[in-house]
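Below is a short note for a colleague who has not seen this model before.

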Amino acid sequence: MIEVSFSEVYNLLAAPKATDLDDGVVRFDEDSDIADTIGAALERRYREEFRSWNWDLARTSAEEVEGDDGDRYAVAYLGSVFNLTPSGKVYAFWTTNQTAWDVFRDCIWWEVLEAHLETLGAFVFTDDCGDGDGVRVAWHLGRADDDDDDDGDDDDDGEVRLD
């Protein structure tokens, strides 16, 4: 069951049709019509937000790195989940401060971000180390130079080179 303040729903939808209103809280199941309506409104809001971000600046300021797979990537730091995601929370098994509303909004936020980045030829990931709250975007650049081609024959051994 998802609980959210009536004012937040009202601001999001302008005229909610909630029937289960008690003490200023709207309650709805994730598979209900109102969840679909609120979810669609959130998707629109997040799509507009991501369209307004300066992705060209992120791309041009990205650091070129070699991935564990040997490919080259342009990687830019977007910020922390604390200031990017709607809930501003990190999800971990030992925490108890997530509400169903937090999870609902954050899931939609991540889905819309991933879909938007896909249109830009990029993908999003979070840091594996440290606090784990860093959000980064990456563009695949291709295969890294293979320095093992020391035979001097200058032929293309199938590798993709970045110039």
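**Notes on the predicted model**

1. Arginine 105 has a relative accessible area of 12% and is therefore buried. The model is a predicted one. Arginine 105 sits in helix H5, which covers residues 100-119.

2. The side chain of arginine 105 makes a polar contact of 3.0 Å with the side chain of aspartate 102. Neighbours within four places in sequence set aside, arginine 105 is in contact with Glu8, Leu42, Tyr46, Pro86 and Ser87.

3. Turning to the aromatic rings, the structure has 7 aromatic pairs. In the pair of tyrosine 73 and phenylalanine 123, the ring centres are 6.0 Å apart and the planes stand at 90°, so this pair is edge-to-face.

4. Are the two partners buried or exposed, or partly exposed? Tyrosine 73 is buried, because its relative accessibility is 13% and the limit for buried is under 20%. Phenylalanine 123, with a relative accessible area of 36%, is partly exposed.

5. Phenylalanine 123 also forms an aromatic pair with phenylalanine 125. This pair is tilted, with 6.2 Å from centre to centre and 40° between the planes. Phenylalanine 125 is partly exposed, at 31% relative accessibility.

6. A cluster is formed by ring pairs that link Phe50, Trp53, Trp55, Trp109 and Trp110.

Key:
Residues are numbered from 1 along each chain as its sequence is written. This is a predicted model: local features need pLDDT of at least 70, side-chain atom pairs count only at pLDDT 80 or more; totals for chains, interfaces and linings use all residues. Side-chain values use heavy atoms; hydrogens and water are left out. Rings of Phe, Tyr and Trp (its six-membered ring) pair if their centres lie within 6.5 Å; planes under 30 degrees apart count as stacked, over 60 as edge-to-face and the rest as tilted. Buried means under 20% relative accessible area, exposed over 50%, partly exposed in between (1.4 Å probe, protein chains only). Helices (H or I, at least four residues) and strands (E, at least two) are DSSP runs, numbered from the N terminus. A polar contact is a pair of N or O atoms within 3.5 Å; within protein, one must be able to donate a hydrogen and the other to accept it, and residues adjacent in sequence count only if both atoms are side-chain atoms. Contact means heavy atoms within 4.5 Å.
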